[in-house]
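Reader: Please take one part of this model and examine it closely, beginning with a pair of packed helices. I would then like to see how that part relates to its surroundings.

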Amino acid sequence: MEKSVCLLAAVILLGGFLDAAQINDSTIESNYTSSSSSINSTLKSVTVEPQSHSRDGQTATTAETKLLTATVTNKQLDTKTSTEVKSSKEEESDEKTEDEKTQLDCPPLGLESLRVDDSQIHASSYPRTGLGPHRGRLNIQSGLYDEDMYDGAWCADYKDQHQWLEVDALHLTLFTGVILQGRNSIWSWHWVKTYKVQLSNDTVDWEPCMNGTEEAIFEGNQDPETPVLALFPVPAVARYIRINPQTWYENGTICLRAEILGCRVKGPHDIYTSEEEPGSKDRLDFRQHNYKEMRKLMKSVTEECPDITRIYTIGKSYMGLKLYVMEISDNPGKHELGEPEFRYVAGMHGNEALGRELVLNLMQYLCRQYKKGNQRIVRLVTETRIHLLPSMNPDGYEEAYKKGSELAGWAHGRYTFENIDLNHNFPDLNTIMWDAQEAAADKSKVSNHYIPIPEYYTKEDAIVAPETRAVINWMQDIPFVLSANFHGGELVVTYPFDCTRDWAPQEDTPTADNAFFRWLSTVYASTNLAMANPDRRACHYEDFQSHNNIINGGAWHTVPGSMNDFSYLHTNCFEVTVELSCDKFPHASELPIEWENNKESLIIYMEQIHRGIKGVVRDKLTKQGIVDAIIKVEDHDHDIRTAADGDYWRLLNPGEYKVVVWAEGYFPSMRHCRVGMEPHPTICDFSLTKTPIQRLKEIRAKGGRIPQDLQLRLRALRLRKLRASTKAINRRRESQQLQKRRARSSGARRI
């Protein structure tokens with residue numbers, strides 16, 4: 001098999017400075033008869049490295065750190081890795097079956113993640129700027145309309161076999177493959193069916209990638225969206241690479257989106273050799289974790305920090321995977337009076353995987369920094385009860401994980417096993433509140449908080465995912481104060497309301513706490529290194545930098561039934577959405593960079609839970625805390641309630657506030673509370689006096705009843721119904737699964 005031709009051609013192109021590529025301290029020895037006068041008699045060594053971004057010897061993934069040991073002759077190329085050398089056949093078998101996703105020898109250059117700059121991408125032709133080479137990035141999304149500045153692919157201006165898309169890797173690179181997609185558009189279909197690849201070191205002389213003695217022709221796409229991977233018969237070393245379409249969809253034209261796979265080659269003439277590779281000094285587990293690996297990591301954190309961690313589950317997915325939560329607190333397992341409860345939720349969309357890895361890294365980081373005595377982290381852990389849910393949609397993630405980071409596409413694994421979008425699956429309480437306000441003669445009498453779940457939502461036949469039911473119950477059990485949920489595909493922080501009035505496609509729809517939500521969003525966005533970079537380009541077609549990288553959810557696009565809105569209207573918790581990256585499922589090599597981009601944001605956002613006022617509402621005589629007392633801040637048309645022990649937390653910006661507290665059977669109480677600039681809450685306790693017994697007797701004598709909080713009663717009733725329907729559904733599902741197992745068992749016995 002003559003598979004050395006492609007690499008041999010690239011070696012020849014390197015001219016006077018390439019004799020052997022030293023890969024993982026092994027050398028590529030080239031034994032061939034010189035056919036080019038450009039090769040000097042004195043040849044020099046270069047080093048091939050995967051584009052890893054971790055430091056201090058910390059590896060990211062097996063796929064990321066595979067270092068090829070190749071011997072090139074004019075007959076063959078042997079490729080092995082140090083981690084592939086197993087001491088037994090059993091270990092080899094275990095490695096093969098551990099996961100099903102495609103293992104890539106070299107990571108992506110970064111067209112999708114924007115690590116490759118627009119200036120590095122060129123093309124033979126394009127009809128207009130909106131279809132220019134800078135749009136030829138894997139998974140890039142188009143705007144709503146074609147013919148604008150933000151189309152969903154590079155397209156050639158001519159339909160012939162001389163068109164190409166060129167990428168400059170900036171330095172010598174061991175190219176191993178290409179991933180291709182067609183054009184993203186809701187109006188037209190275009191994709192490339194087959195293509196060739198050429199390589200060069202100077203953009204003047206180009207050598208084709210060969211398959212034996214023939215020029216290699218690679219299979220492209222059969223539809224616009226499914227990514228298709230083509231691995232080269234032999235890896236090839238060069239600086240520039242061209243994708244040269246040969247055939248395309250017969251009713252379309254030449255359009256493509258691409259990612260290039262390659263490992264950096266470090267040589268003596270590489271002008272970029274001295275550049276420091278970005279990464280992280282934190283020795284964390286920078287790799288993609290499937291369900292099994294996620295559990296192992298969480299367990300390892302609890303073993304490392306048993307005094308401040310606890311793992312618990314809040315329910316199961318449709319396929320029976322547990323929704324694990326890591327609690328980090330100086331007194332795990334218990335709500336402490338006056339200590340606020342915080343949560344991070346990731347993986348609502350299973351294919352948006354970066355949030356999952358950031359939350360897992362955060363567990364490790366908090367544990368280790370607490371043990372080191374980092375005073376900032378010690379204070380955060382001792383003053384806050386932190387809950388981390390890394391995977392809300394584990395079924396969807398497992399599907400995306402099987403495909404791999406570059407091959408999951410834009411939507412594979414987004415939805416649950418039942419094809420439910422969890423971000424539209426919560427009750428739409430916005431419309432209920434707005435309709436009630438429009439119908440009421442006095443809008444001030446309409447409840448602005450703790451709005452009950454609607455009756456239809458509690459029925460057994462309601463389309464409510466088990467994951468959604470689990471999270472709603474979790475919200476009821478713990479008095480969360482602040483939260484953020486992580487998504488991917490953009491770089492922006494969005495804040496409620498997500499749903500617009502009358503479901504308008506786009507409309508700024510602020511809450512009563514709009515100023516504080518904007519503060520929360522700004523805190524995360526301004527400290528996020530990627531978002532705050534003034535030189536970054538837009539991910540797809542919207543420039544959020546003009547909004548300082550924050551936007552009202554409804555002003556972006558309406559999302560009825562979002563978790564953010566439900567959290568605000570049904571509980572005391574304020575929640576924002578963080579879109580973490582242009583790339584929904586970054587390659588493991590990107591994770592150290594993404595951790596550094598988000599580390600400060602993750603910490604400082606949690607610290608915002610200590611802004612505003614907090615206190616305990618007690619009975620003046622018994623000194624016992626009063627549950628469900630209403631905290632009303634003047635000029636803020638959104639109230640909150642006390643928790644089971646009578647404690648409360650009201651997030652507020654600096655200023656002077658008139659606060660009124662009242663509870664059923666008590667006289668209301670009023671105080672003026674001042675919130676300062678420092679990130680420490682102002683203590684505002686209240687003692688309520690019960691209404692006189694004589695007054696109650698007078699009410700009864702007139703045949704009246706003691707006023708009751710009907711809103712609270714209805715909310716509790718609907719929750720009980722939701723839990724009852726959840727139990728019934730779970731019992732029915734377990735019965736069905738048992739019947740299926742029995743049927744399979746009896747069928748096996750008959751065989």
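Author: Helix α4 passes α5 in a left-handed crossing (the near helix is turned anticlockwise from the far one by less than a right angle; clockwise would be right-handed). The model is predicted, so local features need pLDDT of at least 70 and side-chain atom pairs pLDDT 80 or more, while totals for chains, interfaces and linings use all residues. Residues are numbered from 1 along each chain, and side-chain values use heavy atoms, without hydrogens or water.

Helix α4 spans residues 291-304, and its axis lies 10 Å from that of α5 at an angle of about 15° (lines fitted to C-alpha atoms over the stretch in contact; angles of 0 to 180 degrees between N-to-C directions). The two helices (DSSP runs of H or I, at least four residues; strands, E, at least two; numbered from the N terminus) are therefore roughly parallel (under 35 degrees; over 145 is roughly antiparallel, 65 to 115 roughly perpendicular, the rest oblique). From α4, the contact (heavy atoms within 4.5 Å) takes in Y291, M294, L297, M298, V301 and E304; α5 contributes R356, L360, M363, Q364, C367, R368 and K371. By class, this contact has 8 nonpolar, 1 polar and 4 charged residues (nonpolar: Ala, Val, Leu, Ile, Met, Phe, Trp, Tyr, Cys, Pro; charged: Asp, Glu, Lys, Arg; polar: the others, Gly among them).

Beyond four places in sequence, W474 touches Y312, I314, V325, R343, V345, H387, L389 and F480.

N221 sits in the loop between β14 (218-219) and β15 (228-248) and is buried at 0% relative accessible area (buried under 20%, exposed over 50%, partly exposed in between; 1.4 Å probe, protein chains only).

Elsewhere, P496 and F497 are joined by a cis peptide bond with omega about 0°, and F497 belongs to the loop between β22 (492-495) and α10 (514-527). D502 lies in the loop between β22 and α10; its phi is positive, near 60°, and the residue is exposed at 76%. N549, in the loop between α10 and β23 (550-552), has a positive phi of about 65°, yet N549 is buried at 7% relative accessibility.
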